[in-house]
Amino acid sequence: MEHLDIPKGQSFGLVGNNGAGKTTFFSILLDLVQPTTGKIISNEVDVNTSEAWKPFTSAFIDESFLIGYLTPEEYFYFIGELRGQNKADVHSLLSQFEDFFHGEILGQKKYLRDLSKGNQKKVGIVASFIGKPEIIVLDEPFANLDPTTQIRLKSIVRDLASNQDVTVLISSHDLMHVTEVCERIVVLEKGDIVKDIETSEETLRELENFFSGSLAN
Amino acid sequence: MFKHFIKLQWKSFIRAAAFKSNLAFSIFLIFIGLYFCATFLMLGVGAYFIIEDLELGDPLTIVNSFMIYYLVADLVMRYMFQKMPVLNIRTLLYQPIKKNDVVKYSLWKTVASFFNIMHAFFFVPFSIVLITQGYDPLGVLGWHLGIFALFYANNFLNVMMNNLDSIFYPLIALMLALAVSQYYGWFDITAFTQPIFQALYEIPWTAILPWALLIGMYLASFSYFRRHMYLDAGLATKQVEAKTEDYAWLNRFGNLGTFLKNDIRLIRRNKRSKTTVIMSVFFLFYGLFFFTQSVETLDHPTWKVFAGIFISGGFLFSFGQYVPSWDSAYYPLMMSQNIKYKEYLNSKWYLMLFATVISTILSVWYIYFGLDTYLAILVGAVYNIGINSYLVLWGGAYIKTPIDLNSNKNAFGDKQAFNAKTMLLTIPKLLLPLGVYMIGHIFIGETAGYVMVALTGVLGYVFKEKVFRIIEKIYKKEKYKTLLAYSQKN
C-alpha cells in the first residue's frame, strides 16, 4: 500500500479476496502487528510509537477481543470503565440496541464463552461503540450473523456513518452490505490498493465485475 | 489405520509452534528419564542386598509391605505428569475411521508411556536377583507378572479418572493420612496389604487376578472413552449458569478496582486458575518437610527461611509467573484498549499481596514447631512481598505461553519455564534471601539473620516503581512476539 488517506467522519469499506491483507491492515492500525515498512498515523499520532491513539480508537476484530469468562453485562461495564463511562452511561447506550440483542444477550446468565458465535459477535460490536470513540474498526462484522441481525447491523452502521464525528472502518466479504453502508470502498489485492471508489449506484456492479474478473485472472 | 494416527502425531509434534523449545525440553526430559532408569536399575539390583544388610527382614516381604504406597504414589505421579492420549477427535468423528480404532490407538499409546516402562528397570533386576538367591522361580514369575499387571491397571485407571479432581485430592489426603498413621504407629495398613502381594509369590496362579483386573480396567476405559465420543456428550462443553458479579466495593479503587474485579472473576471462573489456587494451598504444607526434622540436613535455620518463602509464596509463584499469560486469550483486546500497564500490574501485585498475607495468617499453626519457625515464615512473607513479587512479574514478562483457562494442560509444569532469563531471576528470588540470612546468622546471630531478610524485603518495596517501569518496557518491547505466541493454539 503506497498511500491511504481516510478523512474524519468517513464510513470506509475494505474489500478483497482472502489473503488480500484486510485483517493485517486493521491489525497494523491497532498496533497489534508491526508493518515491515511505513507507518499509520491516526489523528496525528503514529500508532507504532505512541499510545495516544488508544483513548479515541475502538475495535472488534475477532473473539480474541472478548473476555470469555465474563457475562455480557460485566464485559460492557469493563469496557465502559476503561473508557470512563459509568454504569448509567453504558445502560443508556445498551438500551438503543435492545432490538439488535433480540433478548439473547442481557440477563441471560451465560458467560461470553457459552454464547453462540453470532451473539458473541453482537456483544463485541456493540462494546466497540461504548465511550463515543472517534474511530471504530470492525473486521467482517456481517459474517456469521443471521439475516435479521445483518439488516439491523446495517442500519446501525449507517446511523454511525452519518455521524460526522465518527470514522467507521469495515472490512467485508459481502459486496452488497458494504456498498449499502459505506460511502467509500477500497479494494485490496495482495496488499495493494487496486480500486478506490466513492460509492454510487454503479458501485455494486463495478465490484462484482471486478471480482468475477479476478477469477478469470 | 494406526499408521495414519502415528503420522498425524508425528506431524503435530514437528509442526508445533513451540517445536524448538519442545525439542530442547524433550531432550531434557529424556535425560531425566535416563537418570530415573539408571536409579531404578541400581535399586533393582541392589535392593535385595541392602534390605538384607539392614536386617529388616525377608526382602520380598519388605518390598511387598511398601507395595501399596508405591502403587498409590505411582498413580499420583501419573495423574500429575502422565500425558493423556489426546487426539483431535472432533475432526475424526465423521471421517471413515472406526471410532473403535481411534479409542484403541489412544489407549494403546499410553501403554508405551515412560511411566509404564520405568518400573521394569526396578522389577526385572529385582526378580532376577530373587531367583539367583534361591527363591522359587515359578513364584517369582507369578509375583512379577502380577505386580506388573497392577501397574498397567494403574495406567488405565489414570486414563479414566484423569480429570476427576474430586477423586484425586481425597485420594491423596487418604494416602497421607495412612502414611502418617503408619509412621506414628497408630494404624498399619501394610499389615493388610502385604499378604495380598505376598500371595502372588506363594501361590503363583493368583497372578491371574491382577491380570483380570487389568483387562477389566482396559475394557472400562475403552467403553468410557467410546461412550463419550459424541459431540453432545463427552466432547460438549459444559455450560454453567452464570452470575453477573458486581464487586461494587472495589469501585472505590478506580482503575485498579476495574482490573482487580476481572482478576477475581478470572480466578473464580476458570479451571486452570482454580488449580493454581489449590496448588498454593498445598504449598502451605511445604514446611512439613523441613520443620519435622525428618531430614537432618535440612535442620539448619537457613533452610527454615527457604521453607518460609515457599509457604507464604505459593500463590505468588504459581500465579505471578504466568502474568500476563493469564490474559493471553484476549491479549489483543488488552493491547488495544486505553490501559495503563502500571495499573494492570498493580492489580496483579495486590492480588499476590493479599494471597501472601492470607497464607501467612493461615500458617499460624507452624508455631507448634517453635516460635522461630513462624518467624522464618513471617520473614519469608515480607521478603516475598517486598522483592519476589516484582521478580516473579518480571520473569513472567518473558514467558510467552498462551494459557487455556479452561483446561489443565501443562498446569503442573511448563516447558517455557525453562527460559534462561526466568531461571536467572530465580537467583535473587531464592538464593539471595538465603545468602542474606546466612550473613546475618554467621556474623551476628540467628535473630539478626531473620531481621536482615525482612529488612531486605522492606527495602525492596522502594524499588517497586522502578521494577514496574522495567516490566512495562518489556511488555511494550515484546508486544508483537507475545501477541503472535498467544495466538498459537496448541
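Predicted model: local features only at pLDDT ≥ 70, side-chain atom pairs only at ≥ 80, totals over all residues.
Trainee: What percentage of the residues in chain B is buried?
Mentor: A residue counts as buried if 20 or more other C-beta atoms lie within 10 Å of its own. Chain B has 490 residues, and the buried share is 33%.

Trainee: Are H17(B) and H20(B) roughly parallel or roughly antiparallel?
Mentor: H17(B) spans residues 371–396 and H20(B) spans residues 464–477. Their axes lie 10 Å apart, at an angle of about 5°. Angles under 35 degrees count as roughly parallel. Therefore H17(B) and H20(B) are roughly parallel.

Trainee: Which residues in H20(B) are met by Tyr390(B), Leu393(B) and Trp394(B) in H17(B)?
Mentor: By class, the contact of H17(B) with H20(B) has six nonpolar residues, one charged residue and no polar ones. Lys counts as charged.

Trainee: Which helix gives the largest share of the side of chain B that touches chain A?
Mentor: The contact takes 23 residues from chain B and 26 residues from chain A. On the chain B side, H11(B), H15(B) and H21(B) each supply at least two residues. The largest share is five residues, and it comes from H11(B).

Trainee: How many residues of the side of chain B that touches chain A are nonpolar?
Mentor: That side also has eight polar and four charged residues. The nonpolar count is 11.

Technical notes: Residues numbered from 1 in each chain as written. Chains lettered and ligands numbered in written order. Axes fitted to C-alpha atoms, helices over the stretch in contact; angles between N-to-C directions. Helix = DSSP H or I, 4+ residues; strand = E, 2+ residues; numbered from the N terminus. Parallel < 35°, antiparallel > 145°, perpendicular 65-115°, else oblique. Contact = placed C-beta atoms within 7 Å. Buried ≥ 20, exposed ≤ 12 C-beta atoms within 10 Å, placed from the backbone.
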